[in-house]
Amino acid sequence: MIKGEPAGHAIVWLRRDLRIADNPALHAAVESGAPVACLFILEEGRSSRAIGAAARWWLHGSLETLARNLDKRGGRLVLLRGDPLRIFTEICAAAKPTAAFWDRRYDAPGIEADMAIKAMLTAQGVRCESFNGSLLNEPWEVKSAAGGPMRVFTPYWKAARARLDPAQPLAAPRRINGAPWPDAAAIRPVTLESLSLRPARPDWAAGFPRWWKPGEDGARERLAEFLDDSLRGYAQDRDRPARPATSRLSPHLAFGDISPRQIWSAARHHADATGGPGLQRDVEKFLAEIGWREFSYHLLFHNPDLATENFQKRFDALGWRTDGKALRAWRKGQTGYPIVDAGMRQLWASGWMHNRVRMVVASFLIKHLLIDWREGERWFWDTLADADAANNPASWQWVAGTGADAAPYFRIFNPVLQGEKFDPDGAYVREWVPELARMPDKFIHQPWKAPKAILAEAGVVLDKTYPAPIVDHAAARARALDAFAALKAQGSAEP
Ligand SMILES: Cc1cc2nc3c(=O)[nH]c(=O)nc-3n(C[C@H](O)[C@H](O)[C@H](O)COP(=O)(O)OP(=O)(O)OC[C@H]3O[C@@H](n4cnc5c(N)ncnc54)[C@H](O)[C@@H]3O)c2cc1C
C-alpha cells in the first residue's frame, strides 16, 4: 500500500506477533494512513495445530497486554474465534476492507490457510501484504551451495549470520487511527474471558505468575534484566539449570511478544556499550541459540511433517515400546532419577524447563524407556508455555537421533553423570524434588546408592518418600542399543 493513499479500512491480522513494536504488518497498516482494525482469531479447525494448555495460559496474558497497548494509542484489538477463512469472508461481506496485513507463519496448515485467505481477499479486491515478523531470515533465504535446504546447523548459521540486517527494529506506532468494527452478528467480537484460555477448576497454572509476565511489556523487562544480569557469563553458565543464566525469553518469542530482531539489536548495543573481556563471546553464543530457533524454522518449512515423521526415514522401523506406566512416571517426575524428575516437575509447575534438562529428560524417555519421541513431543506441546511448532519437534528429533544434524542415536545421556556435571551441588534437584532436599551432594543424583543411615538422616525412604529408579541405567542403555542394532541388522540404519 502506498503512503498517503486515500483512507479505506485496513485489517491487521495478528497471530504469533502479539506486540506493537517492531511489528512490520502493524507498521505498514499504520503507515498506509487508513483506519486500522487489529484482529486476533483463536483459530479452530485445520489452520493451525491446536494450542497446548500451558501456551493457552500464556496467550491470554499476551492478548491482554496487546489490547491495552493498542488501546492506549487509539487502536482496538478485536477478538474472534473460529475458522479464519470463514471469518474473513464475513468481514468482506459486512464491510469492504481495502487492505489486509499480516506477519507470516511457516507451518504447513498455517501457510495453506493464509494462501486460501489471500486468494479470497484478492478476488474481492482487498490488497494483501505479508511480512517477516518473527525470524531473522526467511526460511527459504538461506540455501546450501547447491541451492537447496540445509541440514547441518554450523554451515546454516554461518550463512544465516552473514545475511543479518543491521537495520534498527521498527518503533511502536505513536498513534493508531482505529477503524470501527462492522456490526454483523457473524463477526461480533468476543471477550478475552470468553475464550477460556486460562484453566479454572482446577487452576493448575496458579503458580505460573511467580515466574512469568506474559506480553510485550514483560518481554521488554525480561530482556533488559537478562542483558544487565546474565548475558555476561552466558556461554559458561547456560548449562547450569540452577542458575538464572539464560534469558527465559522463549515463551515471549513463541508468541511474538518480542521479535528476534529486537533481541539481536539490543544484545549488540548492550555489548558495544558495556564491552569488557569475554562479553563478545557471550553475545555470539546467545545469538547462536537464536540461530537454532532459525534453523528449526528452516527445517519445519522444508519438512512440514516434522512433528509427526522421522526426518531420517531409516528410523521408521525402530521398535518403540508401549509402556503406559513408565510414560506416566516420566510425565509426573517419578522415575527415580532426580535430575529427570526435577525437570519434569519444573515443567509442570512453571510451564518451562531448562534446556540442558530438556535434553536429559527427552533422552531418558526415548533411550531409557524406549518410548517414541512423538509421545514426548506431544507432552511438551501441552505443558510448555513456549511450545513452538518448529523448536519442539526439531529438538525432539535432535535428541532421538532421527533428525537433521541430530545427536547420534548411540549417544545415551547418563542421567546421574549429567546431574553431577551440571547440577554439582544438587541445588536444582533440591528446588524441584524437595523430598531429596536433605540428601548430601554425593548422593543427591543417585539416592539408591546411599547407605541406609544417610537415607534415614535425610528422611528418604526409597519407594515410599521417593521412587527407586524405574529402570536400571546399564540395562536400559543396552536395550536401547539393541533396538538400534536391530534396525541396523534390518538394513534400515547406517552403521
Ligand atoms: C526436547 C526439547 C524440546 C524443546 N522444545 C522447545 C519448544 O517447544 N519451544 C522452544 O522455544 N524451545 C524448545 N526447546 C529449545 C530450548 O530448550 C529452549 O528454547 C530454551 O530452553 C529456552 O530457554 P531460554 O529462553 O532461557 O533460552 P536462551 O538460552 O536464553 O536462548 C535464547 C533463545 O534462543 C532459542 N533457543 C535456545 N536454545 C534453543 C534450541 N536448542 N533450539 C531452538 N531454539 C533455541 C529460544 O528461542 C530461546 O528463547 C526444546 C529443547 C529440547 C531439548
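Predicted model: local features only at pLDDT ≥ 70, side-chain atom pairs only at ≥ 80, totals over all residues.
Me: Why is Cys38 called buried?
Reply: Buried means under 20% relative accessible area. Cys38 has 0% relative accessibility, so Cys38 counts as buried.

Me: How do you know that Cys38 is in no disulfide?
Reply: A disulfide needs two cysteine sulfur atoms within 2.5 Å. For Cys38 the nearest cysteine sulfur is that of Cys128, 16 Å away, and because the cut-off is 2.5 Å, no disulfide is assigned. A search of the whole structure finds zero disulfides.

Me: What about Cys128: buried or exposed, and which cysteine sulfur is nearest?
Reply: Cys128 has a relative accessible area of 13% and is therefore buried, given the limit of under 20%. The nearest cysteine sulfur to that of Cys128 belongs to Cys92, 8.6 Å away, and Cys128 is in no disulfide.

Me: Why is Gly125 called exposed, and where does Gly125 lie?
Reply: Exposed means over 50% relative accessible area. Gly125 has 58%, so Gly125 is exposed. Gly125 sits in the loop between helix H4 (108-123) and strand E5 (127-131). From Gly125 to Ile444 there are 319 residues in sequence and 66 Å in space, C-alpha to C-alpha.

Me: What makes E1 and E2 a pair of strands?
Reply: Two strands pair if there are at least two bridges between them. E1 and E2 have five bridges, in the parallel sense, so they pass that test.

Me: What is the order of the strands in the open sheet, and which are the edge strands?
Reply: The order of the five strands is E3-E2-E1-E4-E5, with parallel pairing. E3 and E5 are the edge strands, since each pairs on one side only. On average, neighbouring strands of this sheet are turned by 25° against each other, direction ignored. At the E5 end, strand E4 (residues 99-103) pairs with E5 over five bridges, in the parallel sense. There, Asp103 has Phe131 in E5 as its bridge partner. Helix H4 lies across strand E1 (10-14), E4 and E5, and runs at about 165° to E4.

Me: Why is E2 described as largely enclosed?
Reply: Eight of the eight residues of E2 are buried, so E2 is largely enclosed by the rest of the structure. Side chains in a regular strand alternate between the two faces of the sheet. In E2 both faces are covered: Val36, Cys38, Phe40 and Leu42 are buried on one side, and Ala37, Leu39, Ile41 and Glu43 on the other.

Me: What makes strand E3 largely enclosed too?
Reply: Five of the six residues of strand E3 (residues 77-82) are buried, so the rest of the structure largely encloses E3.

Me: Why is H14 called largely enclosed, and what covers its buried residues?
Reply: Eight of the eleven residues of H14 are buried, so H14 is largely enclosed by the rest of the structure. Among them are Trp373, Trp379, Phe380 and Trp381. The cover includes helix H2 (53-72), H11, H12, H13 and H15.

Me: Which residues have the most contacts inside the largest nonpolar core?
Reply: This core has 50 residues, and those with the most contacts inside it are Trp330, Val340, Met344, Phe380 and Met439. Helices that each supply at least two residues of this core include H11 (324-332), H12 (338-350) and H14 (373-383). H13 gives the most, with seven residues. Beyond its neighbours within four places in sequence, Trp330 is in contact with residues including Val340, Met344 and Phe380.

Me: Why is His270 counted as buried?
Reply: His270 has a relative accessible area of 16% and is therefore buried, the limit being under 20%. His270 lies in helix H9 (residues 260-274).

Technical notes: Residues numbered from 1 in each chain as written. Heavy atoms only, no water. Core = buried A, V, L, I, M, F, W, Y, C linked by side-chain atoms within 4.5 Å. Buried < 20%, exposed > 50% of the residue type's maximum accessible area, 1.4 Å probe, protein only. Helix = DSSP H or I, 4+ residues; strand = E, 2+ residues; numbered from the N terminus. Contact = heavy atoms within 4.5 Å. Axes fitted to C-alpha atoms, helices over the stretch in contact; angles between N-to-C directions.
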